[in-house]
Structures are given as C-alpha cells and as structure tokens.
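Here are a few quick notes to read alongside the structure.

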Amino acid sequence: MRVVVLRLGHRPERDKRITTHVGLVARAFGASEMLLTGRDAHIEESLKDAASRWGGNFAGSFALKSDVSWKGEVIRWKEAGGKVVHLTMYGSNLPDVIDEIRGSENILVAVGAEKVPAEMYQLADWNVAVGNQPHSEVAALAVFLDRLFLGRELVEDFAGGLKIVPSARGKQVIYPEHTEKI
Ligand SMILES: C[S@@+](CC[C@H](N)C(=O)[O-])C[C@H]1O[C@@H](n2cnc3c(N)ncnc32)[C@H](O)[C@@H]1O
C-alpha cells in the first residue's frame with residue numbers, strides 16, 4: 001500500500017510548525033511523501049534533516065513535493081486509479097470506513113489548514129472524521145494512519161539512520177557512522 005499526504009492551504013506566516021509536524025507524522029507513521037500547496041524553505045529543510053538523520057521508513061526515503069496544485073494532484077491521482085481520503089470533522093466516522101479504505105492500493109490523504117475548498121469534499125472518495133469534534137490535522141493524520149496500518153508502523157525499522165533502543169528508563173541511541181550525536 002502506498003500512502004501520500006496532501007497538505008492543503010499552508011500559510012507560511014502561521015503554519016510553519018504545524019505543517020512541519022504534518023510532514024513528520026506522515027513520515028513516522030508510514031506515508032511515503034507529502035505534497036504541499038505552496039513552498040516553504042523552513043519545512044523543506046526540517047523534513048530533509050529528519051529523513052537524513054533518522055533514515056527511511058518502510059515506504060522508502062520520505063519525499064516532499066512543494067508548490068503543487070491540490071486539485072491537479074487529486075485529479076491525477078484518481079485518474080491513475082488511486083483513492084482519495086479527505087480528513088474532516090464533518091465526514092464519515094473513521095471506524096465505519098477504515099476497513100473499506102484499507103482495501104485500496106494507493107491512498108492520497110488530504111488534510112487542511114484554513115477552510116478547505118468545497119470541491120475537495122466532492123472529489124474525495126471518502127470524507128473521514130476522526131471523531132466529530134474540531135481538533136488538529138496532526139492528530140487526525142496520526143490516528144488515521146495508525147488505524148490504516150493497524151499499528152504496524154510503530155514497530156517498523158527505519159533504514160540508514162540513527163536508532164533508538166527502546167528502554168524503560170534513560171536514553172539509548174545507536175549511531176551509524178555518518179550521523180551526528182543528538
Ligand atoms: C484546524 S482544522 C480546520 C477546520 C476548519 N474549520 C474546516 O473548515 O475544515 C485543520 C484540519 O484538521 C483536520 N481535522 C480537524 N479536526 C478533525 C476531525 N475531527 N476529523 C478529521 N480531521 C480533522 C482537517 O483536515 C482540517 O482541515
């Protein structure tokens with residue numbers, strides 16, 4: 001299964017941190033790429049840095065594509081046979097649709113920042129609510145990916161980066177040669 005995250009409506013003046021966190025969650029929880037409407041050097045730098053220090057996830061090396069047209073990407077994705085999930089508090093309840101979604105080979109997961117264009121709701125194969133209360137794109141994405149991958153992403157190895165040895169107390173890190181100490 002290939003999962004790509006589409007971040008809509010990024011506003012460089014206010015969304016730097018949250019969009020970076022959308023990207024970090026996408027990578028850490030098993031997506032292979034984030035598509036971003038707009039361009040932001042800070043986000044490009046942070047995600048590149050995370051991927052080079054912490055390695056590639058089970059989907060390979062995490063990629064970022066900036067300055068995309070959200071609608072163009074959604075239409076191309078669907079034309080290529082992929083499915084589109086839009087995370088919104090107004091959507092169907094996650095537990096009611098996740099098994100059906102899991103049957104898809106290629107999934108584009110859209111999350112908003114400011115108000116999402118009405119057309120997104122029409123183009124999505126599923127509008128999915130992670131609970132019907134407003135919260136955050138970071139939380140919605142994390143819960144969605146965790147349910148999609150049934151928690152397997154939490155124990156997957158990331159190749160080529162520094163590795164944390166899970167410990168009940170203290171910090172244990174294994175450093176490959178090319179990595180700097182944290
Ligand atoms: C800060 S919210 C903005 C909500 C905004 N009022 C709207 O009209 O979409 C940013 C994004 O978080 C995600 N989100 C927030 N709450 C959610 C929920 N309960 N379920 C799914 N996604 C949610 C959606 O992707 C939303 O576009």
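1. Keep in mind that this is a predicted model. Sorted by class, the shell around the ligand holds 9 nonpolar, 6 polar and 2 charged residues.

2. Which residues come nearest to the ligand? Of the 17 residues around it, those are Leu 87, Met 89, Gly 112, Glu 137 and Ala 140. Two elements, E4 and helix H6 (137-148), each give two or more residues to this shell. E4 gives the most, with 3 residues.

3. E4 is worth a look for its neighbours too. Strand E4 (residues 83-93) pairs with strand E5 (residues 106-111) in the parallel sense, over 4 bridges.

4. Now zoom out. The protein chain has 6 helices and 8 strands, and from the N terminus on they run β-α-β-α-β-α-β-α-β-α-β-α-β-β. The radius of gyration is 16 Å, close to the 16 Å that the globule rule gives for 182 residues, so the chain is as compact as a globular protein of that length.

5. Two last numbers on packing. Buried residues account for 33% of the 182 residues in the protein chain. Among contacts between residues at least 6 apart in sequence, 77% join residues at least 24 apart.

Note on methods:
Residues are numbered from 1 along each chain as its sequence is written. This is a predicted model: local features need pLDDT of at least 70, side-chain atom pairs count only at pLDDT 80 or more; totals for chains, interfaces and linings use all residues. Two strands pair if DSSP finds at least two bridges between them. A residue is near a molecule or strand if its C-beta atom, placed from the backbone, lies within 6 Å of it. Ala, Val, Leu, Ile, Met, Phe, Trp, Tyr, Cys and Pro count as nonpolar, Asp, Glu, Lys and Arg as charged, and the others, Gly among them, as polar. The radius of gyration is taken over C-alpha atoms; the globule rule is 2.2 Å times the number of residues to the power 0.38. A residue is buried if 20 or more other C-beta atoms lie within 10 Å of its own, exposed if 12 or fewer, and partly exposed in between; C-beta atoms are placed from the backbone. Two residues are in contact if their C-beta atoms, placed from the backbone, lie within 7 Å.
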